[in-house]
Amino acid sequence: MIAFRNFALRRGERLLLSDVDLALHAGYRVGVVGRNGAGKSSLFAAVRGELEPDRGSLELPGKVRIASVAQETPALPEPALDFVLGGDAVVAAALREEAEASARQDWEAVAAAHQKLAELGGYDAEARAGRLLHGLGFPAEVHRRPVASFSGGWRVRLNLARALMTPSDLLLLDEPTNHLDLDAVYWLEQWLLKYPGTLLLISHDREFLDNVTTHTLHLHGGTARLYTGGYTDFERQRAEQLRQQQIAYEKEQAERAHLQSFIDRFKAKASKARQAQSRMKRLAKLAGTEPVRVERQFRIEFAPPPKLPHSLIRLDGVDAGYGRDAVVLRGVGFGLEAGDRIGLLGPNGAGKTTLVRTLVGELPVLAGDRATHPDLRIGYFAQHTVESLREGQSPVDHFRELSPDVPTQAIRDFLGRWNFPGDRAFEPVDGFSGGERARLALALIAWQQPNVLLLDEPTNHLDLEMREALAEALADFDGAIVMVSHDRHLIGLVCDTFWRVADGQVEPFDGDLDEYAAWLRTRPVAQGTRARLQEQAPPPRPAPPPAPAPARKVNPVKLAAAEKKVAELEAALAEVDGQLADPANHPDAARMAALTRQRGELAARLEQAELAWLELMEG
């Protein structure tokens, strides 16, 4: 159990939380929610022991094992599989001891290492690490690649896999879905639902919270309150709580007015003095219920485009990519018309961003035709849009570059509607958070009144309030939208048709997001990522995919045979490990050497068998 007793927490001079008294019991999966700056990440730091409470205490079980995701990954030379395996430090150390003892032919040490691994259940550790990598989108053939060879987003996934590999009683995850595609988000949900420990999860993805969490911890105004259920349950309970609070406040105000009226009328009359005194005491004892302070409803909008032609962009027989030697998509036929709301589905690296950049015109087509209407006006949002904001310049400076003749007050009024009020409009963007930068980038797009919005992961770093506001604004937008997003709530509210991008093809998907999730369960998670990962090098450039071919189906007979072979090799390896651990064999150096060689051969065969099994799983 995690217990907060009269807990208060500061960050610098700022009091984030005070008078927190609550308990989180073992097995709870808790979504920690609240506005940016409410203290969510600081609370995690306190749980990890990195911040001391300003007052009160935070009580954790004495031997609790805590796992969390590292914020950075250095450019390490070690293979990805070994990096993830290192999350289980005890097993990783035992495996190293075994390897070193075998190398120096110290059979007693080999036997001791085997005994230790058997006690730890460490012989399936590599398989577990491989399954984590596979689930997060890494195909089997890249598991041995150096960590340094992966780009930043994929290294974030490696950090997540390492945290999931770490044996823990308490798992802390801060925005774990930010660098995942929708396919990996679905997989992570299923993994977390089976996690036996206690989970604390910060997320701005309401669907993810609803599907994973059993409780919601809401940080607001320096307080922390625990609710039962996911985010939607929390919203419902909080709305009812606020309604009851307002009723109680209005009732109390009416009673106050009645008591005060009696006191004012009769306090000077001797015959009524006792009654007036009684009412004055009653008035003093009233609870002082706070009125409900309506939280500012954050609203944004995309103005109607000045011109909205029917046919906006058309791709006919287009090959798209980064040059003749790096074709990512082939034979794309894709049309965008006024009113279209299209969501792009598929794993990272399959070509969704390549398609969006081709629609924008940022990537020239390699074959086929891209046709656009003369009145086309594109609003394009991607991560590099946010990164292109210029340090040292204010929001007003950015708008002046677009519209040098527009009065400053008009720009300030517009920025105020995007929650950059007053002096914030003149502050350099250097000190802005990721969410503020993303909001400014969206505001710059809205200012230009586009008739097409091409949005590539627009919700990264946006809080729940801003995501809701964006969903409402996009739902009211008159033009066409193409969106890539792992936020199912947003994409489900905005998009009414879906296209799947994978294996070099762009094809309509006949179904909604629930049907896509069901379809994914019959497909390998790493589908479509192989080409990107095989050739990836900083800066990342997609590699040519294999020639288009019909998607293969998993052969159940071959899959069963592969699973049987893995099981047989695991059993044989366990038998050899038992003999290596048997003290009766230790004096016989020749036998120990033979057993060690046999174990190495079996381990190599098992690894190949597991790779073959994963290949079959990938269809």
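Which residue in strand 18 is the bridge partner of Ala502?

The model is predicted; local features need pLDDT of at least 70, side-chain atom pairs count only at pLDDT 80 or more, and totals for chains, interfaces and linings use all residues. Residues are numbered from 1 along each chain as its sequence is written, and side-chain values use heavy atoms, with hydrogens and water left out.

**View A. Strand 17 and strand 18 form a hairpin.** Strands are DSSP runs (E, at least two residues) and helices are DSSP runs (H or I, at least four residues), numbered from the N terminus. Strand 17 and strand 18 (residues 505-509) pair in the antiparallel sense over five bridges; two strands pair if DSSP finds at least two bridges between them. The partner of Ala502 in strand 18 is Gln505. Two residues lie between the strands, and Asp503 in the turn has a positive phi of about 55°.

**View B. Strand 17 also pairs with strand 12.** Strand 12 (residues 341-345) and strand 17 pair in the parallel sense over four bridges, with Thr497 of strand 17 as the bridge partner of Ile342. Five of the six residues of strand 17 (residues 497-502) are buried, so strand 17 is largely enclosed by the rest of the structure. Buried means under 20% relative accessible area, exposed over 50%, and partly exposed in between (1.4 Å probe, protein chains only).

**View C. Three strands form an open sheet in the order 11-10-13, with antiparallel pairing.** Strand 11 (327-337) and strand 13 (367-372) are the edge strands, each pairing on one side only. Strand 10 (residues 311-321) pairs with strand 11 over seven bridges, and Leu329 in strand 11 is the bridge partner of Ala320.
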